[in-house]
Amino acid sequence: MTKIVFENVHKKFHNNFRVLNGVSLKVADKEVHVILGRSGCGKSVLLKCLLGILQVDSGDILVDGLSVKKKEQHRDYIRKFSILFQGNALFDSMTIRGNVEFGLQQINRNKSECRSIAEEKLLAVGLDRRIFDLYPAEISGGMQKRAALARAIAIEPEVLLFDEPTSGLDPITSGVICHLLRDTVTKLQITCLTITHDLKVAEFLSDHSSILNDGAIIWTGKTKEMKRCGDEFVENFYRASHSILEVSA
Ligand SMILES: Nc1ncnc2c1ncn2[C@@H]1O[C@H](COP(=O)(O)OP(=O)(O)OP(=O)(O)O)[C@@H](O)[C@H]1O
Ligand SMILES: [Mg+2]
């Protein structure tokens, strides 16, 4: 069954630069899919269009048949998602516990429910009780990422979005976080869409990938088949990702 459909999505900005120029893509229910592309190719713009933060100029985005464009469907549409933002987007003035509880309060859970679900999720992502009442600035980047993941999964989304999930983390912490993300998605059995320029993250997290280039999805397939897919740009992207210094831009 198809979960998310991007239907010929176009988006340009005031300077007339067409960032998205006919993006079409289907993501199946419970699929773990990564959209890869070079810096500045429009990955974040596409994610913002999916969340309705930016309006598409033409085309449509559907999740379970609900359209991002229909105001009357917005509440049900947006409730399906949770996003793990690149910079974690934790509220600095709230404790770690408070950050997770806040997300739950938004979906009208009562106070004691919020407290117990928040604790359960914080423990599930491997955080120690001793940090629950600390503020984001008082814990490491890796712990912040865990806390942001706890907040994202606490509201039981149908679709989990990861925006550059390992950026800003050292290689060892990146590896640990990648394992945590993969284990979490496997356990929850939900649809997961990640955007990244990091092929290693894509190879680790997902069976299916797409490449965004020149405003369109130019390739979709099994991540492991990217290496020999026959498309020059995609194969070059693959080689460059594995050996940064050998391929020219
Ligand atoms: N609000 C905006 N107004 C004008 N141009 C924008 C706006 N948002 C994004 N752009 C332009 O759209 C293009 C794509 O930006 P986007 O942030 O989606 O790239 P990206 O693929 O996410 O890059 P990165 O990998 O560096 O995060 C860029 O050229 C950017 O300057
Ligand atoms: Mg981006």
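**Conventions.** Two strands pair if DSSP finds at least two bridges between them. Strands (E, at least two residues) and helices (H or I, at least four) are DSSP runs, numbered from the N terminus. This is a predicted model: local features need pLDDT of at least 70, side-chain atom pairs count only at pLDDT 80 or more, and totals for chains, interfaces and linings use all residues. Residues are numbered from 1 along each chain as its sequence is written, with chains lettered from A and ligands numbered from 1 in the order in which they are written.

View 1. Strand E6 covers residues 81–84, and strand E7 covers residues 159–163. E6 and E7 pair in the parallel sense, with 4 bridges. Follow Leu 84 across to its bridge partner in E7, Phe 162. E7 also pairs with strand E8 (residues 191–196), again in the parallel sense, through 5 bridges. Here Val 159 has Thr 191 of E8 as its bridge partner.

**View 2. The open antiparallel sheet.** Four strands line up in the order E2-E1-E4-E5, with antiparallel pairing. Strand E2 (18–28) and strand E5 (66–67) are the edges; each pairs on one side only. Strand E1 (residues 2–12) runs antiparallel to E2, and 8 bridges join them. One of the partners to find is Arg 18 in E2, which bridges to Lys 12.

**View 3. The shell around ligand 1.** A residue counts as near the ligand if its C-beta atom, placed from the backbone, lies within 6 Å of it. The shell includes Phe 13, Val 19 and His 197. It also holds Gly 37, and Ser 39, Gly 40, Cys 41, Gly 42, Lys 43, Ser 44 and Val 45. By class, 4 of these residues are nonpolar, 6 polar and 1 charged (nonpolar: Ala, Val, Leu, Ile, Met, Phe, Trp, Tyr, Cys, Pro; charged: Asp, Glu, Lys, Arg; polar: the others, Gly among them). Helix H1 (residues 43–50) gives the most to the shell, 3 residues.

View 4. H1 is mostly covered, with 6 of its 8 residues buried (20 or more other C-beta atoms within 10 Å of its own; exposed means 12 or fewer, partly exposed in between; C-beta atoms placed from the backbone). The buried set is Lys 43, Val 45, Leu 46, Leu 47, Cys 49 and Leu 50. Look just past the helix for Gly 52, where phi is positive, about 75 degrees.

View 5. The domain assignment, which is automatic or from a database, gives domain 1 as 1–80 + 160–249 and domain 2 as 91–156. Taken over C-alpha atoms, the domain centres are 26 Å apart. Contact (C-beta atoms, placed from the backbone, within 7 Å) links 9 residues of domain 1 with 9 residues of domain 2. Helix H6 (residues 171–188) supplies the largest share of the domain 1 side, 6 residues. That side has 6 nonpolar residues, 3 polar and no charged.

**View 6. The setting of the close-ups.** The protein has 8 helices and 10 strands. Along the principal axes, its C-alpha atoms fill a box of roughly 55 × 45 × 35 Å. The radius of gyration is 18 Å, which agrees with the value near 18 Å for a compact globule of 249 residues (taken over C-alpha atoms; the rule is 2.2 Å times the number of residues to the power 0.38). Buried residues make up 37% of the 249. Among contacts with a separation of 6 or more, 65% join residues 24 or more positions apart.

Technical notes: Contact = placed C-beta atoms within 7 Å.
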